[in-house]
Amino acid sequence: MLKCFWKGPIPNVCIIFALLCGVSVKANDGLMEEVDSCAEMASMVLDNASSISANSEVINKQSPQGNEALTQSVCQLQLQAFPVKGSTIGIEIWLPESGWNGKLQMVGNGGYSARIDYAAFKRLLRRGYAVVGTDTGHEGDDPSFAAGRPEAIKDWSYRAVHVSVVHAKRLVEAFYGQPAQYSYFSGCSTGGHQGLMAAQRYPQDFDGIIVGAPGHNRTHLNAGFLWQFVKNRDPENTNKALLSSEQLKMVSAKVLEVCQKNNGAVSGGVPQDTFLNNPYHCDFAPGVLTCPDDGKGGKDCLSEEQVRALDNMYSGAHNPRTGERIYFGNLPGTEAAGGYSGKVGWSLYWADPNDPSKPARESFWQHWAFPGESWRWQDFDFDRSMRQADDQLAAEVNAMNADLSGFLSSGGKLLHYHGLNDPVVPATDSISYHNRVVDAAKTSSWGNLSKRYRLYLMPGVNHCGGGAGPGQADFQTVLEKWVEQGADPDRIVARGGSPEGETSSSYERPLCPYPEFAYYDGAGNPKLAASFVCRRPDREFQVPRVSADYLR
C-alpha cells in the first residue's frame, strides 16, 4: 500500500490524488515520504536526525525449543540524532519484515556503557516486536566520556531514551503503515534508572515500563561506592585495603549461619533456603567475627579495625557533621554475591578494578561532579562535597521524583523489581522510592496505586539476576497482560535453580508485591509456587530513610 506522509495541514493536491488513485493518506508530523521497502527507509526525514542507514538482514536465531535454527528477515535501521548542539545520539531500530506483533519495545542500557543489547534484540524479535536501543549519546563504558561534553550527561541521563523512542515510533508507523499499538520499555540497573526517568519526565513515551534494580539516585549511589572505598582503607597506608574479597566470602557464610534460622515462619520461604528471604530480619553483629586478642585478621576472623570497616559498610554513607543518612548501607547476605573477574559482592565496586588504589567511578567525580578541578578522593568531604555534587548534578542525573501522576493517570503501568541479594544497588533504595510514591499518591487523584505501580522484591537474587534465589521471571508477559488486559499481577511466578530446563535443583516461588513476602503453606510441594501464599510479615521491619536533603 502506498503511503503519503507530510507535515502540517493536508495539502489539497494530496487529497485529490488519494481520491482519484485510491491511495491511503496519513498525517505524520515531520515525514514527507512514500515508504514501500526497507531500503526506502533510508530516505526518511526526521527532525534533528541525520541520514538513516537501512539494511534488510536475515537474523539467525534458535527456536524456543532450541532444536532447530530459524531465520527471520529484519529491517535494521541505524541513525544519529542531534537534538541540541553538543549532542549526538546513536539509535538502532529493528523492524521484523513479517510477523510484527504490533508493539514497540525499547531495551535499556547498563552502567555508563554505550553498548546496545543485541541479545535482547534477538529475543524480542523472535516474539515479533519492533525493537529500539540507543548508545545514550556517547562511545565507551566509562563516565570520562563526559569530559568537556556537558550535553552528553543529559543524553545519558534522560534525553537519549526519549529521542530514540520518538524517532522509533515515527519509523514504525512509516514502515508498517500504522502506529504501534503499545510501546514498552525494559531495563535494569542503569536501564532501571532510564525507565524511571522516562516515567517521570516523558509520561507519554511508554504504555508500560519494567524497572529493575534502578541506580536512580545516581549521585548518592556513587557516594555509597566511595564511602565503601574510604572506610576500607588502612588509615596508616591508604593504598592498602582492610578487607579482601576472600574475607567477604567468610563474612557472608557467617551471616547465613546466624540468620538462616529466620527463613520460613518469620521471613518467608522455607528454612532450607540457602539465602536470606528477608535480610531486614537479620540482626547480624560484625563483632562476632573479631579475632581473639585483636589479632590482625585472617581467614576465619577479623581485626577490630576490619570489624569497624564492615560495620560502616552495613550502615552506609552518612554526613559526618549532621549524622544524616546520605545513602543506604549494604544488606546482610550481599557481601560476596555476584562475583566475576576475581571480585565478589561489595568488592565489585569498592575500588577501581584496574587500579585498587583508586575508588570505583573516579571519573564520575572528576568529570561530572567537579569538572575542571583536580579531584582527589582524599579531599572528598561527605558533608560539603556531597552538597556540591548534588548542586552540580542532582537535577540532571537523579530520577527521584515520586510524583508519577502524569504517567500513571494516563494509564501507564510501572513494574518495579529488585533482588534482595544485590551487592551493587541496595534494595532499600527501591523500597524507599516505593514508599515515597505511596506517600505522594495519598494526596493525588490516581485512584488505587497498586493497579498502576508495584514493587517486587526477589529474595536471594543478585544485581539484575543470578544468585540462589528465584530470579527467572517473565516480567514482559506479566506487564503486557497488565497493560492490555488489566490483569493485576498479584503474584508473579519465578523460577530458581538451573536456568536450563527442569533439574533436581529447579523450583518455583511466587514474587509478591511489596510489602508482602512469599510464605510456605506447610502442606504442598515446596518446589511449587502454588504452595506459597503472599502476605505481610508478622514481624514488621523498619526501613531506614535517607534525609530529605539527599532526595534531590
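Predicted model: local features only at pLDDT ≥ 70, side-chain atom pairs only at ≥ 80, totals over all residues.
Which residue in β8 is the bridge partner of glutamine 105? The partner is tyrosine 184.

Residues are numbered from 1 along each chain as its sequence is written, and side-chain values use heavy atoms, with hydrogens and water left out.

1. **Strand β8 and its neighbours.** β8 covers residues 182–188. Helices (H or I, at least four residues) and strands (E, at least two) are DSSP runs, numbered from the N terminus. Strand β6 (residues 103–107) pairs with β8 in the parallel sense, over five bridges. Strand β9 (residues 208–212) also runs parallel to β8, joined by five bridges. Pairing here requires at least two DSSP bridges between the strands. Phenylalanine 185 has isoleucine 209 as its bridge partner in β9.

2. **Burial of β8.** Five of the seven residues of β8 are buried, so the strand is mostly covered. Buried means under 20% relative accessible area, exposed over 50%, and partly exposed in between (1.4 Å probe, protein chains only). In a regular strand the side chains alternate between the two faces of the sheet.

3. **Crossover.** β8, helix α4 (residues 190–201) and β9 form a right-handed β-α-β unit. Right-handed means that, with the strands pointing away from the viewer, the path from the first strand over the helix to the second runs clockwise.

4. **Disulfide count.** The whole structure holds five disulfides. The criterion is a pair of cysteine sulfur atoms within 2.5 Å. With bonded cysteines counted along the chain, the pattern is 1-2, 3-8, 4-5, 6-7, 9-10.

5. **Cysteine 188 to cysteine 464.** This disulfide has an S to S distance of 2.0 Å. The torsion about its S-S bond is about -95 degrees, so the link is left-handed. It connects distant parts of the chain, 276 residues apart: cysteine 188 sits in strand β8, and cysteine 464 in the loop between β13 (453–458) and α12 (475–485). Cysteine 188 counts as buried because its relative accessibility is 15%. Cysteine 464 is partly exposed, at 35%.

6. **Cysteine 259 to cysteine 282.** The S to S distance is 2.0 Å. Here the S-S torsion is about 70 degrees, so this disulfide is right-handed. Cysteine 259 lies in helix α6 (residues 245–259) and cysteine 282 in the loop between α6 and α7 (304–315), so the pair ties together parts 23 residues apart in sequence. Cysteine 259 is buried, with a relative accessible area of 3%. Cysteine 282 is buried at 9%.

7. **Cysteine 512 to cysteine 534.** The sulfurs lie 2.1 Å apart. The link is left-handed, with -75 degrees about the S-S bond. Cysteine 512 is in the loop between β15 (507–511) and β16 (517–520), and cysteine 534 in strand β17 (residues 532–535), 22 residues apart. Cysteine 512 is buried, at 3% relative accessible area.

8. **Second largest pocket.** Its space is about 370 Å³. The lining has 18 residues, with Cys282, Tyr314, Asn330, Leu331 and Pro332 nearest the centre. α7 gives the most to this lining, with three residues. The lining divides into eleven nonpolar, five polar and two charged residues.

Notes: 1 Å grid on protein atoms, 1.4 Å probe; cavity = no way out; pocket = protein on both sides within 12 Å on 5 of 7 lines; lining within 4 Å. Points joined across faces, edges and corners; volume = space filled by probe spheres on them. Nonpolar A, V, L, I, M, F, W, Y, C, P; charged D, E, K, R; others polar.
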